[in-house]
Amino acid sequence: MLRTVLTAALAIMAAPAFANDSVAELGTGGLILSRSDAVAMQSEDLFISPEKVTVDYVFRNNTDKDVSSIVAFPMPDIEGDPNEMPAIPEAQSDNFLGFEVTIDGVDAKPQLEQRAFALGIDITADLKAQNVPLYPFGDAAKAALAKLPKDVTKDWEDRGIIIEDTADDGSGMQTAYVPFWQLRSTYWWRSTFPANKEVHVSHRYKPSVGGTSSVSFFYDGQFQGQYAAYKNRYCMDGAFENAVRRAAKENPDGYPKYYESRIAYILTTGGNWASGTIGNFKLTIDKGSPKNLVSFCGDNVKKVGPTTFETTAKDFYPEHDIDILLLEPSDNGGNGG
């Protein structure tokens, strides 16, 4: 494994900070096929940046008969906890990642399957019976909860479906019931793979970019805090660490003036096609201008443009997920925590 650490800039702000100055990223991946030994993945071209993720696939049915299959895009699960709100690109929409897909260049209209759970119990029917949207973070869900009958509110609180939350809405501290359920969402469609032909499938979405308002693994003049976990997850090497040290020395407060941004891509859900491998796999990571630090793990990574880095492989089997750490310089610095 080549430890790849690159100097880069990504024109992004760290995701909005909450009570602990940190917001979690939602790991998201690619497409899943109902398993078929007839359909092979000839190629996958994966592009990741903080603004977008695009994936271009070429599938081929190598048999003499047409094959019908269900193709699914699992959205990341969302926990409706007001104290642990993740980074959500489209905060008011069921399609909270802005997912889009084309098949052979034609826009597809996938179906959205959603289920809600509380304490592992399916409560979808309960929410629908009270006209409460399943998406927990939208304003519509909060408005619907405010209209619940008192007996339903009491029942749902007892069952862990909702909780009381006190927050300042701009007019002072207000207490209201808010969602506490988990949402599972999947886009899916039926697709036919013609005999001995290729099918081109492309999809795109906005990634969930987690963030921290300061560097969580270096403060008080040394690497600590999240350091061990980050070093393993993002393959931080000596060059990256030296850059962090220099930034800390340049700041009179002794802390590196950076925001953290994190992207997680789940690659290991793949493999449910003929042979289980990808004939030709390409990963491109776009990093923007050269002001930020970027660290991620990868084999034989090459710089292919001013802001892009690429790795390729043949007969690729996805064994590891992709985690990207970006440090964006900030004039505000951090508090070292």
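A disulfide is taken here as a pair of cysteine sulfur atoms within 2.5 Å, and by this rule the count comes to 1 disulfide. The model is predicted, so local features need pLDDT of at least 70 and side-chain atom pairs count only at pLDDT 80 or more, whereas totals for chains, interfaces and linings use all residues. Residues are numbered from 1 along each chain as its sequence is written, and side-chain values use heavy atoms, with hydrogens and water left out.

**View 1. The disulfide of Cys-235 and Cys-297.** The sulfur atoms of Cys-235 and Cys-297 are 1.9 Å apart, and the torsion about their S-S bond is about 100°, so the disulfide is right-handed. Cys-235 lies in the loop between α4 (227-234) and α5 (238-250) and Cys-297 in strand β22 (residues 292-297), so the pair ties together parts that are 62 residues apart in sequence; helices (H or I, at least four residues) and strands (E, at least two) are DSSP runs, numbered from the N terminus.

**View 2. Accessibility of the two cysteines.** With buried meaning under 20% relative accessible area, exposed over 50%, and partly exposed in between (1.4 Å probe, protein chains only), Cys-235 counts as buried at 5%, while Cys-297 is partly exposed at 25%.

**View 3. Strand β25 (residues 322-329) and its pairing with β22 and β20.** Strand β25 is mostly covered, since 7 of its 8 residues are buried. Two strands pair if DSSP finds at least two bridges between them; β22 and β25 run antiparallel and are joined by 4 bridges, with Ser-295 opposite Leu-325 in β25. Strand β20 (residues 258-266) also runs antiparallel to β25, joined by 8 bridges, and Tyr-258 stands opposite Pro-329 in β25.
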